[in-house]
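Please look over the sequence and the structure first.

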Amino acid sequence: MKNLKMTLKFTPGDVEKANFIIAQFIERLELYEKIRNLSEITTKDIINRERFRKELLKEYFGNEPKSETKDYRSYGDALDDNSNSNDILKTYELKTLGWQNEGFFVFADGIYLKNQFIRTNKYGNIKLEGLTEENLEERCFVYRKSLICIDQWMSQLVKVYGDKGIVGIGFVFASIFRDILIKKFSFFPHLGLFGEKGSGKSKFGESLHNFFFYKMIPFDLNSGTVVEFFRRLARTKNTISFLEEYHDNIHYFLFQSMKKAYGEGEREKGQATFNYRTSITNVNSSIIYTGQYYPARDDNSLATRSLLLSFIKKPYTTEEIHEYNLLKSWEETGLSSLILDIIRYREVVVTKLDEIYSSIAKQLKKDLAGLEAQERMINNYLAILTPIYILWDKFNFPFTQEYFYSLCKELIINSSDVLTESKSL
């Protein structure tokens with residue numbers, strides 16, 4: 001036990017959280033190997049020397065050792081002799097993955113900055129010039145090098161899902177720039193997928209979700225809580241959150257939260273303090289939700305905030321099944337590196353957003369004049385039309401600009417008719 005060495009490597013910068021992350025390097029010289037652990041130690045433990053030693057020892061022994069034992073005393077002495085506060089690095093934890101306001105995109109295992117992907121070290125940290133070390137979490141949102149290019153993915157999505165795949169491409173592109181659209185227009189539409197069991201709605205939502213995440217389970221609206229809901233939507237920025245099992249009888253607060261998420265959708269919660277402080281959880285991702293029926297609750301208020309797609313159960317040919325399996329095999333290996341092919345054009349979207357949005361909106365409202373097209377539904381489809389138009393010359397889209405426009409116009413009319421009929425009933 002005298003050959004054990006302990007070095008305190010880094011602590012998080014937010015001391016008010018009352019948590020210190022301790023990296024332990026325990027070296028058994030006689031075995032020539034290193035044992036690494038991460039521990040969370042509260043402030044009350046770290047300011048008391050004896051309690052601090054006891055917490056660290058607990059990590060090594062697997063339980064709390066008796067202070068009178070020889071091993072405990074020897075190990076504690078080694079800790080005292082080898083701890084050097086000058087070697088401790090302050091770290092800052094990123095609680096939201098995805099796009100960062102500082103100008104980079106974060107996965108759980110690395111970041112995309114200045115057109116390159118930088119992987120975290122073995123402790124989940126990254127040392128950057130001009131930035132502090134960051135501690136990264138959430139293992140489903142990881143950088144997975146895709147076996148295909150983004151043009152192949154788009155082509156296959158349309159081959160498998162048809163026109164719905166085209167809408168899905170528009171929704172994925174728009175979601176990657178969600179914060180820009182929210183800041184400019186104060187809304188971002190949900191994507192609602194509806195149909196009977198086995199109609200393919202969940203598989204379609206899964207395909208869009210898998211563009212961002214690796215084997216992440218959708219959120220169940222039947223069993224999930226409001227807290228879990230907001231944590232899911234706040235965890236990653238400019239990605240997609242996939243919600244399943246929608247029906248009009250879901251919990252009132254979940255329903256209202258989904259409505260609120262159409263805008264910035266932040267959730268404010270009071271803290272148990274005497275200074276009237278509150279904590280705010282923001283909605284950072286777009287929403288895909290599935291159900292068997294269109295949402296009619298509260299005068300179709302959720303439906304009007306959504307792009308609505310219907311799915312019909314049908315038999316599939318051998319060729320269709322083959323194409324579907326091919327797409328799913330790509331998803332199985334991971335696609336998240338393709339995000340970076342889109343996000344590299346962020347500044348182009350910022351620069352051209354106003355001009356292109358105004359141009360499409362003017363034409364769309366002209367073409368829909370005299371028809372009972374709801375204003376909010378028009379805005380919903382403008383949100384997915386605009387990014388595609390802006391980046392049209394950057395990618396080989398598997399459809400024409402004219403077809404995408406006419407498809408969105410048709411969906412606006414059909415959705416408006418469905419909502420009007422539902423309201424009259």
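Rings of Phe, Tyr and Trp, the last taken by its six-membered ring, form a pair if their centres lie within 6.5 Å. The model described here is predicted, and it holds 22 aromatic pairs.

**Aromatic rings**

Phe171 and Phe188 form a tilted pair, with 5.9 Å from centre to centre and 55° between the planes. This pair links distant parts of the chain: Phe171 belongs to helix H5 (residues 163–176), while Phe188 lies in the loop between helix H6 (178–185) and S11, 17 residues apart. Phe171 is buried, with 0% relative accessibility, and Phe188 is buried at 1%. The rings of Phe185 and Tyr357 count as stacked because their planes are at 25°, and an angle under 30 degrees is the cut-off for that class. Phe185 in helix H6 and Tyr357 in helix H13 (residues 346–367) are 172 residues apart. Tyr357 has a relative accessible area of 13% and is therefore buried.

Ring pairs also join Phe173, Tyr345, Trp392, Phe395, Phe397, Phe399 and Phe404 into a cluster.

| Charged residue | Ring | Distance to ring centre |
|---|---|---|
| Arg144 | Tyr214 | 3.9 Å |
| Lys164 | Phe311 | 5.1 Å |

**Strands**

Five strands make an open sheet with parallel pairing, in the order S12-S14-S17-S11-S18. Its edge strands, S12 (219–220) and S18 (306–310), each pair on one side only. Inside the sheet, S11 (residues 190–194) and S17 (residues 286–291) are joined in the parallel sense over four bridges. Phe194 has Gly291 in S17 as its bridge partner.

Strand S6 (residues 104–107) has antiparallel partners. Strand S5 (residues 97–100) pairs with S6 over three bridges in the antiparallel sense, and strand S7 (residues 110–113) also pairs with S6 in the antiparallel sense over three bridges. Val106 stands opposite Gly98, and its bridge partner in S7 is Ile111. S6 and S7 form a hairpin, with two residues between them. S6 is covered on both faces: Phe104 and Val106 are buried on one side, Phe105 and Phe107 on the other.

**A buried asparagine**

Asn238 lies in the loop between strand S13 (236–237) and strand S14 (240–246). Its relative accessible area is 0%, so Asn238 is buried. The side chain of Asn238 makes a polar contact of 2.7 Å with the side chain of Asp179, and a polar atom of the Asn238 side chain lies 3.1 Å from the backbone oxygen of Ile176. Beyond its neighbours within four places in sequence, Asn238 is in contact with residues including Trp99, Phe212, Asn284 and Arg346.

Terms used:
Residues are numbered from 1 along each chain as its sequence is written. This is a predicted model: local features need pLDDT of at least 70, side-chain atom pairs count only at pLDDT 80 or more; totals for chains, interfaces and linings use all residues. Side-chain values use heavy atoms; hydrogens and water are left out. Two strands pair if DSSP finds at least two bridges between them. Buried means under 20% relative accessible area, exposed over 50%, partly exposed in between (1.4 Å probe, protein chains only). A polar contact is a pair of N or O atoms within 3.5 Å; within protein, one must be able to donate a hydrogen and the other to accept it, and residues adjacent in sequence count only if both atoms are side-chain atoms. Contact means heavy atoms within 4.5 Å. Rings of Phe, Tyr and Trp (its six-membered ring) pair if their centres lie within 6.5 Å; planes under 30 degrees apart count as stacked, over 60 as edge-to-face and the rest as tilted. A charge sits over a ring if NZ of Lys or CZ of Arg is within 6 Å of the ring centre and within 35 degrees of the ring normal.
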